[in-house]
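This report describes the chain shown below, from its overall make-up to its individual side-chain arrangements.

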Amino acid sequence: MGEGEKVRREDPKQDQVQRWKKGDPLTEDDHKMLDLLLRYYEKHGYSPSQKDMPNSAALKRRFGIWKNVLTVAGLPILNDPDCMRKRQDAIEWGKRVGNPK
């Protein structure tokens, strides 16, 4: 490197996802990420936990806590009594038929 040349450093914030705030419109990418949650809900009948979603890290980077992710997707939060009952019923049914879930 010659005299007077500076090393160009990438801005670490440049690669970070813009955090969604309540009232912000959803982008096309947001809808794509949330689609997986909606399909899980349609298939299982209850809201997925973070462990159920392969893209949970990306969803949390964008929307913050998991409660926000579910709320933005229009799904019941995990401690909703009906959601908890459905999840437990599915787990018990899975044990009866030999599936872990």
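## Conventions

A charge is said to sit over a ring if NZ of Lys or CZ of Arg is within 6 Å of the ring centre and within 35 degrees of the ring normal. The model is predicted, and local features need pLDDT of at least 70, side-chain atom pairs count only at pLDDT 80 or more, and totals for chains, interfaces and linings use all residues. Residues are numbered from 1 along each chain as its sequence is written, and side-chain values use heavy atoms, with hydrogens and water left out.

## Overall architecture and confidence

The protein chain contains 4 helices and 0 strands, where helices (H or I, at least four residues) and strands (E, at least two) are DSSP runs numbered from the N terminus. The order of elements from the N terminus is α-α-α-α. Of the 101 residues, 28% are buried; buried means under 20% relative accessible area, exposed over 50%, and partly exposed in between (1.4 Å probe, protein chains only). Among contacts (heavy atoms within 4.5 Å) between residues at least 6 apart in sequence, 55% join residues at least 24 apart.

The mean pLDDT, the predictor's confidence in each residue from 0 to 100, is 82 for the protein chain, and 81% of the residues score at least 70. Among the elements, helix 2 has the highest mean pLDDT (95) and helix 4 (residues 81-97) the lowest (79). Over residues 7-14 the pLDDT is below 50, and this stretch has 1 contact in the model beyond near neighbours in sequence. Where pLDDT is low, the predicted coordinates should not be read in detail.

Helix 2 spans residues 56-63, and its buried residues are S56, L59, R62 and F63. Viewed down the axis of helix 2, these fall within an arc of 130°, so they line one face of the helix; the arc is that of the directions from the helix axis to the C-beta atoms. They pack against helix 1 (28-44) and helix 3 (66-73). After helix 2 comes G64, with a positive phi near 90°.

In helix 3, the buried residues are W66, V69, L70, V72 and A73. Their arc around the axis is only 165°, which puts them on the same side of helix 3. Helix 1 and helix 2 are among what covers them. G74 follows helix 3, and its phi is positive, near 80°.

## The nonpolar core

A nonpolar core is a set of buried Ala, Val, Leu, Ile, Met, Phe, Trp, Tyr and Cys residues joined through side-chain atoms within 4.5 Å. The largest has 17 residues, and L34, L37, L59, F63, W66 and V69 have the most contacts inside it. Helix 1, helix 2, helix 3 and helix 4 each supply at least two residues of this core, with the largest share, 5 residues, coming from helix 3.

## F63 and the aromatic side chains

Not counting residues up to four places away in sequence, F63 touches R19, W20, L26, D30, M33, L34, N68, V69 and V72. The charged end of R62 sits over the ring of F63, 5.7 Å from its centre.

Rings of Phe, Tyr and Trp (its six-membered ring) pair if their centres lie within 6.5 Å; planes under 30 degrees apart count as stacked, over 60 as edge-to-face and the rest as tilted. By this rule there are 2 aromatic pairs. In one of them, the ring centres of Y40 and Y46 are 5.9 Å apart and the planes lie at 80°, so the pair is edge-to-face. Y40 and Y46 are both buried.
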